[in-house]
Amino acid sequence: LFLEGDNRLFELDTQNAAFQEKTLPLGSPSTRLKDIFLFNNRLYTLTSDGAILRHDSALSGYGRGSAWVKDGTDTKGAVSLAVDGTAFVLRGDGEILKFTSGKKQNFNVGVIDPPLTAPTKIFTSSKHEYLYVLEPSNSRVVVLDKTGKMIVQYSSGAFHDLKDFAVSDDEKRLFLLAGNSIYGILMNNVK
(Lines give C-alpha, C1' and ligand atoms only; values in the text may rest on other atoms or scores of the structure.)
Protein backbone atom coordinates (compact mmCIF):
# COMPACT_ATOMS: atom_id res chain seq x y z
CA LEU A 1 0.00 0.00 0.00
CA PHE A 2 1.40 3.39 -0.88
CA LEU A 3 0.34 7.00 -1.12
CA GLU A 4 0.90 9.12 -4.18
CA GLY A 5 1.48 12.86 -3.77
CA ASP A 6 -2.10 13.99 -4.39
CA ASN A 7 -3.76 11.70 -1.79
CA ARG A 8 -4.21 8.79 -4.18
CA LEU A 9 -3.83 5.39 -2.53
CA PHE A 10 -2.56 2.34 -4.44
CA GLU A 11 -2.15 -1.33 -3.62
CA LEU A 12 -0.07 -3.87 -5.51
CA ASP A 13 -2.15 -6.74 -6.89
CA THR A 14 0.51 -9.47 -6.94
CA GLN A 15 -1.64 -11.92 -8.93
CA ASN A 16 -2.04 -9.48 -11.84
CA ALA A 17 1.27 -7.66 -11.29
CA ALA A 18 -0.57 -4.33 -11.41
CA PHE A 19 -1.39 -1.46 -9.11
CA GLN A 20 -5.00 -0.88 -8.12
CA GLU A 21 -6.21 2.48 -6.87
CA LYS A 22 -8.14 2.30 -3.59
CA THR A 23 -10.79 4.77 -2.48
CA LEU A 24 -10.02 6.92 0.54
CA PRO A 25 -12.69 9.53 1.36
CA LEU A 26 -11.13 12.38 3.32
CA GLY A 27 -14.09 14.73 3.73
CA SER A 28 -12.52 17.97 2.53
CA PRO A 29 -10.69 18.30 -0.81
CA SER A 30 -8.14 20.51 0.96
CA THR A 31 -7.13 17.71 3.37
CA ARG A 32 -3.60 16.51 2.64
CA LEU A 33 -2.06 13.34 3.98
CA LYS A 34 1.45 13.30 5.45
CA ASP A 35 1.66 9.61 6.26
CA ILE A 36 -0.28 6.34 6.20
CA PHE A 37 0.10 3.08 8.11
CA LEU A 38 -1.78 -0.18 7.68
CA PHE A 39 -2.41 -2.29 10.77
CA ASN A 40 -4.92 -5.09 11.37
CA ASN A 41 -6.89 -4.32 8.17
CA ARG A 42 -7.33 -0.70 9.21
CA LEU A 43 -5.63 2.27 7.65
CA TYR A 44 -4.29 4.99 9.93
CA THR A 45 -3.72 8.36 8.28
CA LEU A 46 -1.89 11.46 9.47
CA THR A 47 -3.18 14.70 7.94
CA SER A 48 -1.19 17.86 7.32
CA ASP A 49 -2.97 19.54 10.27
CA GLY A 50 -1.84 16.73 12.60
CA ALA A 51 -5.12 14.81 12.84
CA ILE A 52 -4.88 11.02 13.10
CA LEU A 53 -7.76 9.15 11.49
CA ARG A 54 -8.60 5.46 11.52
CA HIS A 55 -10.27 4.05 8.38
CA ASP A 56 -11.99 0.68 8.28
CA SER A 57 -11.52 -1.53 5.24
CA ALA A 58 -14.24 -1.35 2.55
CA LEU A 59 -14.80 -3.24 -0.71
CA SER A 60 -13.06 -0.75 -2.96
CA GLY A 61 -10.64 0.73 -0.45
CA TYR A 62 -11.25 2.34 2.92
CA GLY A 63 -14.14 4.12 4.59
CA ARG A 64 -14.29 7.68 5.85
CA GLY A 65 -11.90 8.01 8.75
CA SER A 66 -12.82 8.77 12.32
CA ALA A 67 -10.71 10.74 14.77
CA TRP A 68 -8.45 8.29 16.55
CA VAL A 69 -6.97 10.46 19.33
CA LYS A 70 -9.57 10.37 22.11
CA ASP A 71 -8.01 12.45 24.89
CA GLY A 72 -7.50 15.81 23.17
CA THR A 73 -3.71 15.46 22.86
CA ASP A 74 -2.32 18.00 20.41
CA THR A 75 -0.69 16.18 17.50
CA LYS A 76 0.08 19.26 15.41
CA GLY A 77 3.59 19.18 14.05
CA ALA A 78 3.44 15.41 13.54
CA VAL A 79 5.35 14.17 10.48
CA SER A 80 4.99 10.39 10.65
CA LEU A 81 3.25 7.55 12.46
CA ALA A 82 3.74 3.82 13.00
CA VAL A 83 1.27 1.36 14.51
CA ASP A 84 1.94 -2.02 16.11
CA GLY A 85 -1.19 -2.10 18.29
CA THR A 86 0.22 0.98 19.96
CA ALA A 87 0.63 4.11 17.82
CA PHE A 88 3.89 6.02 17.80
CA VAL A 89 3.65 9.56 16.44
CA LEU A 90 6.79 11.45 15.43
CA ARG A 91 6.82 15.24 15.57
CA GLY A 92 9.12 17.31 13.40
CA ASP A 93 11.00 18.55 16.49
CA GLY A 94 12.00 15.00 17.44
CA GLU A 95 9.38 14.31 20.12
CA ILE A 96 7.76 10.87 19.96
CA LEU A 97 4.25 10.42 21.32
CA LYS A 98 2.84 7.01 22.25
CA PHE A 99 -0.90 6.21 22.15
CA THR A 100 -2.89 3.18 23.21
CA SER A 101 -6.57 3.01 22.21
CA GLY A 102 -6.40 6.68 21.24
CA LYS A 103 -5.04 7.87 24.59
CA LYS A 104 -1.58 9.28 25.18
CA GLN A 105 0.76 7.14 27.30
CA ASN A 106 3.93 8.16 29.10
CA PHE A 107 6.89 7.72 26.77
CA ASN A 108 10.31 9.15 27.41
CA VAL A 109 13.08 8.86 24.86
CA GLY A 110 16.48 8.27 26.42
CA VAL A 111 19.63 10.19 25.57
CA ILE A 112 20.34 10.48 21.86
CA ASP A 113 23.54 12.29 20.91
CA PRO A 114 23.08 14.49 19.02
CA PRO A 115 19.37 14.90 19.87
CA LEU A 116 16.73 14.44 17.18
CA THR A 117 15.97 17.87 15.73
CA ALA A 118 14.37 17.28 12.31
CA PRO A 119 13.31 13.64 11.88
CA THR A 120 11.00 12.72 9.00
CA LYS A 121 9.87 9.12 9.49
CA ILE A 122 9.20 6.59 12.24
CA PHE A 123 8.68 2.87 11.67
CA THR A 124 7.84 -0.23 13.64
CA SER A 125 5.31 -3.04 13.33
CA SER A 126 3.95 -5.91 15.35
CA LYS A 127 6.74 -8.03 13.78
CA HIS A 128 9.48 -5.65 14.90
CA GLU A 129 11.03 -5.26 18.33
CA TYR A 130 12.38 -1.76 17.73
CA LEU A 131 11.43 1.76 16.62
CA TYR A 132 13.37 3.25 13.71
CA VAL A 133 13.62 7.00 13.17
CA LEU A 134 14.98 8.61 10.00
CA GLU A 135 16.72 11.97 10.32
CA PRO A 136 18.07 13.18 6.96
CA SER A 137 19.55 16.40 8.40
CA ASN A 138 21.98 14.30 10.46
CA SER A 139 22.35 11.55 7.81
CA ARG A 140 21.18 8.83 10.17
CA VAL A 141 18.66 6.27 11.32
CA VAL A 142 18.24 5.98 15.09
CA VAL A 143 17.10 2.66 16.57
CA LEU A 144 15.20 2.70 19.88
CA ASP A 145 13.59 -0.06 21.87
CA LYS A 146 9.87 0.37 22.48
CA THR A 147 10.49 1.84 25.93
CA GLY A 148 12.47 4.73 24.37
CA LYS A 149 16.03 3.55 25.07
CA MET A 150 18.46 4.20 22.23
CA ILE A 151 20.02 0.99 20.94
CA VAL A 152 22.20 2.25 18.08
CA GLN A 153 22.33 4.87 15.36
CA TYR A 154 23.54 4.32 11.82
CA SER A 155 25.08 7.31 10.10
CA SER A 156 27.50 8.01 7.30
CA GLY A 157 28.75 10.91 5.24
CA ALA A 158 27.65 8.83 2.23
CA PHE A 159 23.99 9.15 3.28
CA HIS A 160 23.38 12.40 1.40
CA ASP A 161 19.76 13.27 0.66
CA LEU A 162 18.18 10.49 2.77
CA LYS A 163 14.63 9.96 1.57
CA ASP A 164 13.34 6.71 3.06
CA PHE A 165 14.25 3.38 4.60
CA ALA A 166 12.97 -0.17 5.07
CA VAL A 167 13.74 -2.82 7.68
CA SER A 168 13.72 -6.55 7.01
CA ASP A 169 11.13 -8.56 8.95
CA ASP A 170 13.91 -10.29 10.92
CA GLU A 171 15.46 -6.88 11.77
CA LYS A 172 18.85 -7.96 10.51
CA ARG A 173 19.02 -5.63 7.51
CA LEU A 174 18.33 -1.93 7.04
CA PHE A 175 17.92 -0.45 3.56
CA LEU A 176 18.34 3.30 3.03
CA LEU A 177 17.33 5.35 0.00
CA ALA A 178 19.77 8.26 -0.28
CA GLY A 179 19.44 10.31 -3.44
CA ASN A 180 19.46 7.72 -6.23
CA SER A 181 21.41 5.15 -4.21
CA ILE A 182 20.25 2.31 -2.00
CA TYR A 183 22.47 1.30 0.91
CA GLY A 184 22.13 -1.96 2.81
CA ILE A 185 23.32 -2.26 6.37
CA LEU A 186 23.70 -5.53 8.26
CA MET A 187 22.42 -4.68 11.74
CA ASN A 188 24.68 -6.75 13.98
CA ASN A 189 24.08 -4.34 16.89
CA VAL A 190 20.35 -5.15 17.00
CA LYS A 191 18.94 -8.27 18.70
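Biologist: What makes Asp 56 partly exposed in this predicted model?

Modeller: The relative accessible area of Asp 56 is 41%. Buried requires a value under 20% and exposed a value over 50%, so a value in between is called partly exposed. Arg 42 has a relative accessible area of 29% and is therefore partly exposed as well.

Biologist: How do you know that Asp 56 and Arg 42 form a salt bridge?

Modeller: Their side chains meet with a distance of 2.8 Å from N to O. The cut-off is 4 Å, so the pair qualifies as a salt bridge.

Biologist: Which parts of the chain does this pair tie together?

Modeller: Asp 56 belongs to strand S6 (residues 52-58), while Arg 42 belongs to strand S5 (residues 42-47); the pair therefore ties together parts that are 14 residues apart in sequence.

Biologist: Why can such side chains pair at all?

Modeller: Side chains of opposite charge can do so when their charged atoms come close.

Biologist: What makes the contact of Lys 22 with Glu 11 a salt bridge?

Modeller: The closest N and O atoms of Lys 22 and Glu 11 are 3.4 Å apart. This value is within the limit of 4 Å, so the pair is counted. The pair links distant parts of the chain, with Lys 22 in strand S3 (residues 18-22) and Glu 11 in strand S2 (residues 8-13), eleven residues apart.

Biologist: How many salt bridges does a search of the whole structure find?

Modeller: The search finds eleven. Among them is the bridge between Glu 135 and Arg 140, at 2.6 Å from N to O; both of these residues are buried.

Biologist: Why is Ser 168 called buried?

Modeller: Its relative accessible area is 10%. Since that is under the cut-off of 20%, Ser 168 is therefore buried. Ser 168 lies in the loop between strand S17 (162-167) and strand S18 (173-178). Leaving aside neighbours within four places in sequence, Ser 168 is in contact with His 128 and Arg 173.

Biologist: How do you know that S17 and S18 pair?

Modeller: Five bridges join S17 and S18 in the antiparallel sense. At least two bridges are required, so the two strands count as paired. Within this pairing, Asp 164 stands opposite Leu 177 in S18. S17 and S18 form a hairpin with five residues between them, and Glu 171 in the turn has a positive phi of about 60°.

Biologist: What leaves one side of strand S9 and of strand S12 without a neighbour in the sheet?

Modeller: The open sheet has four strands in the order S9-S10-S11-S12, with antiparallel pairing. Strand S9 (78-83) and strand S12 (103-105) stand at the edges and each has a single partner strand, so one side of each has no neighbour there. Inside this sheet, strand S10 (residues 87-91) and strand S11 (residues 96-100) are joined by four bridges, and Phe 88 stands opposite Lys 98 in S11.

Biologist: Which residues touch the most other members of the largest nonpolar core?

Modeller: They are Tyr 132 and Leu 174, in a core of 45 residues. A second, separate core of seven residues includes Leu 9, Leu 33, Leu 43 and Tyr 62.

Key:
Residues are numbered from 1 along each chain as its sequence is written. This is a predicted model: local features need pLDDT of at least 70, side-chain atom pairs count only at pLDDT 80 or more; totals for chains, interfaces and linings use all residues. Side-chain values use heavy atoms; hydrogens and water are left out. Buried means under 20% relative accessible area, exposed over 50%, partly exposed in between (1.4 Å probe, protein chains only). A nonpolar core is a set of buried Ala, Val, Leu, Ile, Met, Phe, Trp, Tyr and Cys residues joined through side-chain atoms within 4.5 Å. Contact means heavy atoms within 4.5 Å.
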